Amino acid sequence: AWTKHQVKGFTDADGFEKEVVRHVETSLARSLFNCDEGAAYSAAALAFRDRLITEWNKTQQRQTFSDTKRVYYLSLEFLMGRAFDNAILNLGLKDVAKEGLTELGFRIEDIIEQEHDAALGNGGLGRLAACFLDSLASLDYPAWGYGLRYRYGIFKQEIINGYQVEVPDYWLDFNPWEFPRHDVTVDIQFYGSVRKSQDENGKSVAHWEGGEIVTAVAYDVPIPGYATPSTNNLRLWSSKASSGEFDFQKFNNGEYESSVADQQRAETISAVLYPNDNLDRGKELRLKQQYFWVAASLHDIVRRFKKSKRQWSEFPDQVAIQLNDTHPTLAIVELQRILVDIEGLEWDAAWNIVTSTFGYTNHTVLPEALEKWPVGLFQHLLPRHLQIIYDINLFFLQSVEKKFPGDRDLLTRVSIIEESQPKMVRMAFLAIVGSHKVNGVAELHSDLIQTTIFRDFVSIFGADKFTNVTNGITPRRWLHQANPRLSELIASKAGGHDFLKDLTLLNKIEEYAGDKEFKKEWAEIKYANKVRLARYIKQTLDVTVNPAALFDVQVKRIHEYKRQQLNIFGVIHRYLTLKAMSPEERKKQQPRVSIFGGKAAPGYWMAKQIIHLINNVGAVVNKDADIGDLLKVIFLEDYNVSKAEMIIPASDLSEHISTAGTEASGTSNMKFVLNGGLIIGTCDGANIEITREIGQENIFLFGTLSEDVEELRHQHTYGSHNVDSNLTKVFEAIQNGTFGEPNDFGAMVAAVRDHGDYYLVSDDFQSYIDTQNMVDTEYRNQDEWVTKCIRSVARMGFFSSDRCINEYAEGIWNVEPLAVKN
Ligand code: 26W
């Protein structure tokens, strides 16, 4: 229906071409005769940007006039990937773009590939934020994202001699998707001291004075919804030196160098994304990033609210703020500071507003990932905020004492200030105390946080404060864009493309799970996607893989808890088994390509060793003439969103094999199944709900259950620990030098054999191998395999991020869509 909505700008290929030519000649100042693919991309992107910004303006005006509640999604990461393909699809103009570009002499696929990924995130958490933005816009919710405009996103990974090497990702050379707003700035204060005074009524007032000022400049990125004119805003803050008198005086006094140094120091704040995933390193600059971004965002939100001339008590009726993990927790403290110190509200009135405004999503239970900041660092960087945190803690602990009198242990356990040396601020506890809802991201994960790390808070606040919102993914990018042929095949049986807006409509294809013609087309599409990936592997690694082999994929950040080591040990076991077979026996085996991809945090030594082992195993196996096509081991360099869009549709089997209870949800598991691949996985995160939805006959589950993990760990440490016999053979092969210098992998082996096997690699090894053998058997029955894939896809409707966003909107934010009236 939105086609009736009056749109400005081109609607056909002719109009589009005119715009492209205009941008080539004017915006890029080039002639059509030397327009290469890079220039064609730039001009085409600018043409679509113009389209988006018209809709963006209308959407923002509509939201302002209607005066409804808005959602603000605060995330330190937005892993957006490419914008062009997404924009033309969401606008429904891909055919127009394709026709226009063809007429100009280009292939649209080549033009799309010119774009550099916007990689402002580490992994799951950042990509989830990007899917949420797509759903919020597609469902017409009035919503903004707030983040940091990093000059360098996640590093680019190169593999040199089998080792990861990090290369900076400078991506802002040309970015047509952002609009600098040099008129939208906020001055952010750091350091300084607090002076107390009394007002005319004798009330104590705090003044945060001195220190230094850094200016935040807004850059806006339009977020188009799918099949709706709604275009939301992602506002990213960039830091620069304040143009205040300080540096001006310096400059005037001839202190050019130190003035430039100040400038560089200010710009450092938004310079680089921290590449740690699930590890808190407590760096001062990271805390500065957090405060800088949170303070700028809140200032912006409060400024917008104040224009409505409403009373402060109505703030939570106008504003919902979601905290994507604890990284933005300072927003709670900053809002309290604004209300009490600047706007003069009473503490309790202010605190009511604050807690009604915020919701907090937890994304991990790993203890090393829970953010804590030294009190001393706070005192130095944000002296007033530390006082407010102490007051929040005091009132909170008083309320706990009232409810559970005399329970000193409880007070120590739940205190926002950890009484350690040095004292630490526990950000997750602060986030819980300052929010009205706390959620986990999959059922098991939400249960776990309520029974382990946040257990005391459930008894203090009651179970209603805690809830689950199972993650989801946007079917626009992860099906329609990544796998256009499959999307069209589904559309042909599901009554058109409505399933892209209501993913439960996928169930319409289930009746074709036994349809010969449909299955044939289905299998052809999977094969074509595998051929494309095989071609890419040949181009980049010069390894020939057989597209008819089973493609087994594990792509995600490299981490011990995700257990890429279990996978590669399994691959070694497979290799040893094949080597021990007679040529006749070998002929009966199912060929397999084991594909890995993912980045290790630069300081995570063990993760880097895992990458090294995978590469070394590949180097041996891939050139072994006895093995041939039966086994290939591939490590794909620099896994990112765009590569995921190519890899995921080409998977037959993907691995989601974390130690039970460690992967909060996982979201790529959903993407793989949605693209017609099956899963081998543990009973962890969203694997459990995927199993429930698609049926346990369609998934390969194995391994220890989360409720048994603790007991096994205890046994490893205090009882006996016998390493699995097949795994022992794998270790022997590693240690006799089959895969290069054994010392390189000594620590990996020792982690399992000698240091308690915290991730239960040995415990789960045999069931992993057995399950992989079942996969081989089932894969040989292609007919049945394809049926399973179709049934699985048909039952994946639940995992749309649209469902997920609707749950947040109803259960946490209390906001409603603002649809366009024609
Ligand atoms: C402070 C360092 C740090 C940085 C990032 C700690 C923790 C993180 C993230 C919370 C890690 C992360 O990305 N978690 C992932 O979130 C996804 C979205 O909910 C889940 O699907 C993944 O299971 C979870 O690992």
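The model is predicted, so to speak of local features a pLDDT of at least 70 is needed, side-chain atom pairs count only at pLDDT 80 or more, and totals for chains, interfaces and linings use all residues. Residue numbers start from 1 along each chain as its sequence is written.

**Domains**

The domain assignment (bounds from an automatic or database assignment) gives domain 1 as 67-82 + 117-470 + 807-813 and domain 2 as 543-799. Their centres, taken over C-alpha atoms, are 36 Å apart. Domain 1 puts 36 residues into the contact and domain 2 puts in 30 residues; two residues are in contact if their C-beta atoms, placed from the backbone, lie within 7 Å. Elements giving two or more residues to the domain 1 side include β2 (78-81), α6 (124-138) and α17 (443-451). Helices (H or I, at least four residues) and strands (E, at least two) are DSSP runs numbered from the N terminus. By class, that side of domain 1 has 14 nonpolar, 14 polar and eight charged residues. Here Ala, Val, Leu, Ile, Met, Phe, Trp, Tyr, Cys and Pro count as nonpolar, Asp, Glu, Lys and Arg as charged, and the others, Gly among them, as polar.

An unreviewed UniProt entry lists Lys 671 for "modified residue: N6-(pyridoxal phosphate)lysine". UniProt positions follow the numbering used here, feature names are shortened, and annotations may be inferred rather than shown by experiment. Lys 671 sits in helix α26 (residues 668-674). Lys 671 counts as buried because it has 30 C-beta neighbours inside 10 Å. The cut-offs: buried takes 20 or more other C-beta atoms within 10 Å of a residue's own, exposed takes 12 or fewer, partly exposed is in between, and C-beta atoms are placed from the backbone. Leaving aside neighbours within four places in sequence, Lys 671 is in contact with Ile 473, Trp 478 and Ile 648.

Ala 607, in helix α24 (residues 605-621), is buried too, with 23 other C-beta atoms within 10 Å. Not counting residues up to four places away in sequence, Ala 607 touches Ile 558, His 559, Ala 600 and Ala 601. Ala 607 and Asp 744 are 137 residues apart in sequence, yet 12 Å apart in space, C-alpha to C-alpha.

**Two helices**

The expected span of a helix is 1.5 Å times one less than its number of residues.

| Helix | Residues | Expected span | End-to-end C-alpha distance |
|---|---|---|---|
| α9 (284-307) | 24 residues | 34 Å | 35 Å |

Helix α22 is mostly covered, with twelve of its 16 residues buried, among them Phe 569, His 573 and Tyr 575. The buried residues of α9 include Tyr 291, Phe 292 and Trp 293. After α9 comes Lys 309, with a positive phi near 55°.

**Strands**

Five of the five residues of strand β1 (residues 70-74) are buried. Side chains in a regular strand alternate between the two faces of the sheet. In β1, Arg 70, Tyr 72 and Leu 74 are on one side, Val 71 and Tyr 73 on the other, and both faces are covered. Strands pair if DSSP finds at least two bridges between them. β1 runs parallel to strand β12 (residues 319-324), joined by five bridges, and Arg 70 stands opposite Val 319. With strand β4 (residues 143-148), β1 pairs in the parallel sense over four bridges; Tyr 72 has Trp 144 as its bridge partner there.
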